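Take a look at the fold shown here. We will walk through one part of it, step by step.

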Amino acid sequence: MQVSKSAANAGFSANPELFIAETGDWIAENWLRIAIAVGIAAAIVLVLLTAQKLAQRLCREGEALVGWRTIAGRLAARTKFWFLVILAAKIVDNYAAAPLWLDRTITFLFTVGMTVQAAIWARELVLGVVEHRAGDAQHGNGALTSAMSIIRALVTFLIFAIALVLILGNLGVNVAGLVAGLGIGGIAIGLAAQGIFSDLFAGVSILFDRPFKVGDNISWGDASGTVEQIGMRTTRVRLFTGELLIVSNKNLLDKEIRNVTVRRHIRLSFMLGVTYETKPETLARIPAMLTEMGEAQGATVARAGFEAFGASSLDFSFIIDVPGADWGVAHPTRDRLLVAIMERFAAEGISLAYPTQTSYTAAPDGTLIMPYAELPADLLRVPAAAGTSGG
């Protein structure tokens with residue numbers, strides 16, 4: 001006689017001896033199907049284990065930069081063996097014509113196992129994405145190493161709290177009160193640690209947006225320096241004046257940050273003033289002279305031309321762009337260029353102007369008064385050559 005699922009369930013709940021007997025009858029009548037199902041389940045587990053090992057070999061964790069291959073390898077490595085067994089049992093459950101109690105047991109274990117395994121996958125995926133977004137090894141070692149423990153704890157708590165609520169909901173437990181309690185507790189913790197979390201989220205923002213990394217030269221406000229360490233709450237910057245400045249991430253991101261390291265060129269500006277006595281044809285040749293000297297130093301000339309009539313000079317604007325971000329290259333270029341300008345102007349007879357001022361004295365009626373007394377006319381005549389006298 002074939003044992004029905006309802007009868008098996010009734011025997012399990014009412015009479016253990018009847019349950020054992022009916023289970024034995026089910027095994028005796030369906031032993032071939034059960035054996036085939038066990039074999040198929042074992043084969044499925046073996047195939048899944050092989051795929052897991054292959055994924056781990058293809059996606060080894062040895063690269064400085066965490067890529068998607070590494071993340072896939074981590075997901076495969078974190079797949080639990082018990083989940084593979086439950087998955088295989090769920091696949092072959094219907095084929096073996098399992099009684100109702102066994103079918104419900106497998107379904108319950110699969111639901112719980114799938115939820116826990118999904119939480120583990122989600123945790124590894126989120127952490128992998130954070131490491132991937134952290135950038136190269138230098139940036140990761142500077143910021144992510146110190147931050148990963150806090151991020152891991154927060155992500156683990158959040159994901160497994162959601163998984164617990166889902167499991168209890170599937171078991172028929174009223175989770176409304178639990179969710180409300182978690183929400184109130186989260187709000188209380190957030191208000192109590194508002195400053196800490198603001199700096200924490202600012203640190204995570206630095207990891208994801210990457211406005212700068214360890215070793216970059218940055219400037220913000222009136223401060224400039226080199227980034228030495230990026231933490232979850234603070235960033236350490238070695239100022240160009242030698243001091244170590246420790247600034248909170250929130251205060252740092254509240255200001256405009258200039259990343260000097262990633263600049264494409266360094267701009268040098270000069271204002272050259274020549275005397276008003278310079279001839280017009282010479283003035284017309286000065287822009288070409290400046291352009292020639294700037295290009296000879298390997299710079300890009302952005303502006304070389306007559307700028308304005310100054311108070312005591314004719315002003316020429318000279319702006320060049322030195323490729324790269326190294327001031328060790330830009331400073332010597334500027335020095336050589338200034339010396340070349342002095343040499344070229346001297347050869348061309350061009351005089352650089354300096355501030356001059358002429359004062360005139362006037363009478364009350366506006367008539368100009370000479371700064372010296374007028375000499376008599378006879379004193380202005382050149383005296384004749386004196387003769388020699390004999391004696």
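What follows is a short tour of a sheet, its helices and one leucine.

Keep in mind that this is a predicted model. Start with the sheet. Strands of a sheet pair through backbone hydrogen bonds, and the pairing is either parallel or antiparallel. Here, three strands make up an open sheet, and their order is β6-β8-β7. The pairing is antiparallel. Which strands sit at the edges? They are β6, residues 265-274, and β7, residues 300-309. Each of these pairs on one side only. Neighbouring strands of the sheet are turned against each other by 15° on average, with direction ignored.

Now zoom in on one pair. Strand β8 covers residues 314-323. It pairs with β7 in the antiparallel sense, over eight bridges. Look for two phenylalanines: phenylalanine 306 stands opposite phenylalanine 316, which is in β8.

Next come the helices. Helix α11, residues 280-296, lies across β6, β7 and β8. Its direction is at about 155° to β7. Helix α12 spans residues 327-348 and lies across β6 and β8. This helix runs at about 20° to β6.

Finally, turn to another helix. Leucine 168 has its place in helix α7, which spans residues 137-170. Why does leucine 168 count as partly exposed? Its relative accessible area is 24%. Buried means under 20% and exposed means over 50%, so the value for leucine 168 falls in between. Now find valine 112. Leucine 168 and valine 112 are 56 residues apart along the chain. Their C-alpha atoms are separated by 9.4 Å.

How values were computed. Residues are numbered from 1 along each chain as its sequence is written. This is a predicted model: local features need pLDDT of at least 70, side-chain atom pairs count only at pLDDT 80 or more; totals for chains, interfaces and linings use all residues. Side-chain values use heavy atoms; hydrogens and water are left out. Two strands pair if DSSP finds at least two bridges between them. Helices (H or I, at least four residues) and strands (E, at least two) are DSSP runs, numbered from the N terminus. Axes are lines fitted to C-alpha atoms, for helices over the stretch in contact, and angles run from 0 to 180 degrees between N-to-C directions. Contact means heavy atoms within 4.5 Å. Buried means under 20% relative accessible area, exposed over 50%, partly exposed in between (1.4 Å probe, protein chains only).
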